Amino acid sequence: MDFFVHVFTFSSSWIPALRYLTLMIVRQFTCRGITSQLCPRLTEPRTWVRQDMARPSSDLAAFREVFSKAKHVAILTGAGVSAESGVPTFRGEGGFWRKWQAQDLATPGAFSQNPSRVWEFYHYRREVMLSKSPNPAHKAIADCEARLRKQGRSVTVITQNIDELHHRAGSTNVLEIHGSLFKTRCMSCGHVAVNYKSPICAALEGKGAPDPNTSDAQIPPHELPRCEQGSCNGLLRPHVVWFGETLDSDILTRVEEELDCCDLCLVVGTSSIVYPAAMFAPQVAAKGVPVAEFNMEETPATMRFRFHFHGPCGSTLPPALARHDTEVL
């Protein structure tokens, strides 16, 4: 289980994936007349099986040639990007915070029953992330976006991560489909606010140790983070998508628009098993758009893509996204 990625599989929560599929179908019938003029590929037939199933290429020069011609680049990122910044995970043996895994705490029910414990968990995660820095993969993506923008080309990052390392690297066009550790949402008035306080409230200072022998702080609700919007003072929660919750429909709409318009898609550091994000790149590849995967291992979607580059993203991505000889300085 990835620490900074909320995992939605059909076994744990099929609602977000079904909702996304429904959204795509509805948009095809209700918006075709408008969006087909902006993104012609929206009207093309969509299939999910790559006919030749040939192994993807690892030819960097061939990828660079495709990259040099791309006008709209979509980059899908997952936990593998952040792992190279030293972000811990809950995956594999010993993958616990105290005695709980993420799916035990990242739920509306867990927050309702024990908001103090859940806030300790997220306070720990926030403090960890404040000590981490973007790695060469984050920086390569941000540099590429800035450079291509000057050429009238676009780069959009669609990330499953909630750590904001893309923002800190300099990326500006980022869609966070699972929310952010550094935003809060009021349980009473619904107000969403950016929050980088450390600690986020006085009662959480020094709390959140992951050691299994650590006892819960049992902080009273009135001492937990509270809303500062007017006189609300409602209980705040992390503005992230928890297990059992649906993804933001506005974000999903923007994601679909980017995927329908892109002429090159990169899949970076993602396992391709997190739904609905796992459907994004195969959807693009099925339309004949080149997709390049950068990962430490092959994934269930690898065979659908044109390129696969094996290895740490911080090593494979910078040379792939560096300035091409044909680019105008």
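# Pocket, cavity and a helix pair

Reply: In this predicted model, the lining of the largest pocket is made up, by class, of eight nonpolar, six polar and seven charged residues.

Me: How much space lies in that largest pocket?

Reply: The largest pocket holds about 340 Å³ of space.

Me: And which residues are the closest to its centre?

Reply: The largest pocket is lined by 21 residues, and those closest to its centre are Glu 176, Gly 179, His 239, Asp 248 and Ile 251.

Me: OK, switching to cavities: how many of 30 Å³ or more does the structure hold?

Reply: There are three cavities of 30 Å³ or more in the structure, and the largest cavity has about 100 Å³ of space. Of the 15 residues lining the largest cavity, Leu 76, Gln 160, Thr 270, Ala 277 and Ala 278 are the closest to its centre.

Me: Which elements give two or more residues to the lining of the largest cavity?

Reply: Those elements are strand E2 (154-159) and helix H11 (277-285), and H11 gives the most to this lining, with five residues.

Me: What does that lining look like by class?

Reply: The lining of the largest cavity has 11 nonpolar and four polar residues, with no charged residues, whereas seven charged residues are found in the lining of the largest pocket.

Me: Now the helices: at what angle do H8 and H12 pack?

Reply: Helix H8 (residues 136-149) packs against helix H12 (residues 313-321) at an angle of about 20°, and their axes are 8 Å apart.

Me: Why do they count as roughly parallel?

Reply: Angles under 35 degrees count as roughly parallel, and the angle between H8 and H12 is about 20°, so these two helices are roughly parallel to each other. The crossing in which H8 passes H12 is left-handed.

Me: Which residues meet in that contact?

Reply: From H8, the residues are Pro 136, Ala 137, Ala 140, Ile 141, Cys 144 and Arg 147, and they meet Cys 313, Gly 314, Leu 317, Pro 318 and Leu 321 in H12. By class, the residues of this contact divide into nine nonpolar, one polar and one charged.

How values were computed. Residues numbered from 1 in each chain as written. Predicted model: local features only at pLDDT ≥ 70, side-chain atom pairs only at ≥ 80, totals over all residues. Heavy atoms only, no water. Axes fitted to C-alpha atoms, helices over the stretch in contact; angles between N-to-C directions. Helix = DSSP H or I, 4+ residues; strand = E, 2+ residues; numbered from the N terminus. Parallel < 35°, antiparallel > 145°, perpendicular 65-115°, else oblique. Left-handed = near helix turned anticlockwise from the far one by under 90°. Contact = heavy atoms within 4.5 Å. Nonpolar A, V, L, I, M, F, W, Y, C, P; charged D, E, K, R; others polar. 1 Å grid on protein atoms, 1.4 Å probe; cavity = no way out; pocket = protein on both sides within 12 Å on 5 of 7 lines; lining within 4 Å. Points joined across faces, edges and corners; volume = space filled by probe spheres on them.
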